[in-house]
Amino acid sequence: MALNLTQYLNPAQLRAATAPDGAVLVIAAAGTGKTRTLTHRVAWLVRERQIEPRNILLLTFTNRAANEMLERASQLIGRDAARPWGGTFHHTANRMLRRHAGLLGYGPDYTILDEDDSEKLLKVCTAELGLTDKLFPKPSVLSSLFGLAASRRQVLMDTVSADFRQHAPRLEGVLRVHERYQARKRQLNAMDFDDLLVNGLRLLEEHAEVADAYSERMRHVLVDEYQDTNALQCDFVDRLTARHGNLLAVGDDFQSIYSWRGAEVRNILSFEQRHPGALVVKLEENYRSRPEILEVANQVIAGNPEQYQKVLRATRPAEVKPVKVELPNGNSQASYIIDKVRHLLAHGVAKPREIAVLYRSHFQALELQLELARASLPYELMSGVRFFEQAHIKDVCALARLVVNAADRLAFGRLVELLPKVGPKRAENVWLALGERFNLRDAESRQLVLDKLPAPARAPWARIMAGLFPEEDERENLLERPDEVVFRFVEAFYKEHAELTYDNAANRLEDIEELIRFSARYASTAEFLAEMALLTNLDTNQMSRAGERAEQIRLSTVHQAKGLEWKAVFVLWLNEGMFPAARTLSESEDDSEERRLFYVAVTRAKDYLWLCVPRGRRARDGNYQFLSPSRFMDEIDGDLLQHEHIRSPSGWGPRGMRW
């Protein structure tokens with residue numbers, strides 16, 4: 001029986017699904033049915049073109065996505081038919097290498113190192129080279145650097161130099177570790193995840209007969225989320241399809257937001273140059289959002305000049321305009337959102353799982369997390385661990401805990417074990433020598449710790465103490481300021497420690513900066529720690545009572561929200577320096593990826609959207625820091641939005657505002 005695609009696809013989807021042989025680029029804007037298009041493309045190739053399923057390859061970024069699409073395609077093709085070859089890039093490369101690893105000097109029974117295995121081997125390599133002190137990058141940082149260089153097809157020296165340009169001796173050490181790591185993997189007949197793609201591409205580039213054989217077998221290659229490919233993946237696909245040219249790539253340049261992990265928007269923008277004569281099909285009919293939401297998304301994204309211009313068209317009827325909410329500060333923003341969430345729930349407009357709060361960076365949700373805990377509103381934090389439970393937050397609060405409680409053994413251990421060559425046993429010995437109490441205000445106790453520490457730990461300890469006690473007559477007042485305690489600890493020691501310990505150090509340091517700003521509002525270190533403990537316990541109790549995940553609203557960074565949708569969405573901190581992020585703008589004058597990130601945030605909303613623009617926030621010195629609205633908000637025509645102006649935390653704007 002013929003496959004009646006017109007019953008299921010709109011004209012643009014149909015054109016993509018039934019495209020002739022050759023290169024095809026499907027620009028699938030947000031909510032336009034790309035999965036449906038891909039699965040019907042597979043079904044059409046099998047049922048109408050009589051292509052054997054085994055001659056079709058579907059490449060995705062997760063096995064879950066591949067399985068879902070192949071299952072849908074199987075329903076269209078017929079259960080008795082064989083399934084096409086599908087999976088992630090790593091999965092596909094591994095299948096090739098299992099048959100041909102010998103051509104690259106590996107045995108066919110090579111071991112695949114997972115993240116933990118890889119980091120353990122890197123730890124062995126650094127130990128063999130005598131680079132084991134805490135001032136050398138940790139295995140997780142090394143692994144991230146090596147992976148980034150591989151994904152960019154970049155000389156390692158260039159990648160490492162960019163991250164360690166102020167630490168020349170370490171640069172040499174990192175390169176030595178990489179050389180030893182590569183040799184060790186060879187000795188073990190092992191590959192890490194990056195090697196699978198690197199060696200998979202080497203196999204195709206260095207052995208033409210293998211490339212031709214796979215090109216003959218995989219006569220049609222389909223790639224999902226093409227805008228997220230890196231240089232390595234892009235070249236892998238191009239080499240695999242070089243012989244027949246039957247490549248259908250589906251993606252959206254408007255949603256290319258992962259450059260920080262190696263994704264390259266140029267891959268999709270240069271598709272027609274690399275594949276002359278390629279057919280380009282744009283999917284612009286949106287099945288997710290109301291037209292008022294799409295008008296906002298269309299207007300802002302149009303500000304990016306270099307892209308495939310397209311306009312989202314709604315298939316759903318009009319409802320209400322998005323709301324621009326101007327508020328005094330972060331606290332009023334949090335209170336406002338809680339009030340609106342309760343309103344949505346009370347009136348049956350949305351269920352908890354249908355409501356999401358999105359933000360540019362993890363630290364921007366701090367005040368909202370605290371207020372949600374106080375209000376006993378259950379939430380799921382999709383963007384990571386709850387704020388005060390994060391390891392780096394606990395690290396920088398350890399010193400503050402000792403200011404308040406000299407008998408806090410856990411805080412003392414956490415603090416000194418951050419230092420070079422100090423482990424649990426050494427920390428315990430120092431603690432016992434102190435008589436199981438450490439009074440930070442006592443110079444003799446501070447000196448005793450210095451004397452008991454191993455030599456490599458003494459200089460950083462001395463720097464930390466010098467930062468806390470610049471002058472004897474100043475120490476009492478300083479220790480009662482939690483923001484100063486944390487700030488001076490970070491400046492003296494923890495900033496460098498984080499950069500060498502975490503592959504996402506910049507994000508963690510942003511969290512710490514927000515902690516410093518937050519703690520400045522408290523009159524004493526004891527008051528700050530008491531409030532922090534109370535809120536953490538409220539969070540824990542709330543989580544234990546929350547029950548099913550479905551009964552929680554979602555909090556997420558925009559990056560982690562991509563591909564998801566909710567009935568009601570709030571976007572936080574739409575201010576210059578917050579969204580777009582100051583750190584991103586300081587690294588490049590190009591704001592195009594930040595604009596795409598805003599577009600992704602807006603297009604997560606199905607029915608209701610709130611865009612929150614606080615007018616200021618508290619600075620560390622206690623003064624009020626005025627904030628400008630985000631440039632993206634300034635680009636939206638005022639008549640596309642409803643407007644609420646919250647004059648004070650207790651003012652809720654004009655009556656009659658719909659939602």
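Reply: Let's start with the helix pair: helix 15 passes helix 16 in a right-handed crossing, meaning that the near helix is turned clockwise from the far one by less than a right angle. Helices here are DSSP runs of H or I with at least four residues, strands are E runs of at least two, and both are numbered from the N terminus. This is a predicted model, where local features need pLDDT of at least 70, side-chain atom pairs count only at pLDDT 80 or more, and totals for chains, interfaces and linings use all residues. Residues are numbered from 1 along each chain as its sequence is written, and side-chain values use heavy atoms, leaving out hydrogens and water.

Helix 15 (residues 330-346) packs on helix 16 at about 50°, with the axes 9 Å apart; axes are lines fitted to C-alpha atoms, for helices over the stretch in contact, and angles run from 0 to 180 degrees between N-to-C directions. The two helices are therefore oblique to each other (under 35 degrees is roughly parallel, over 145 roughly antiparallel, 65 to 115 roughly perpendicular, the rest oblique). In the contact (heavy atoms within 4.5 Å), helix 15 brings Gly330, Asn331, Ala334, Ile337 and Ile338, while helix 16 brings Glu367, Leu368, Glu371 and Leu372.

As for the sheet, helix 16 (residues 366-374) lies across strand 12, strand 13 and strand 14, at about 165° to strand 14. Strand 12 (residues 355-359) pairs with strand 14 (residues 553-557) in the parallel sense over four bridges; pairing takes at least two DSSP bridges. Leu358 has Ser556 of strand 14 as its bridge partner.
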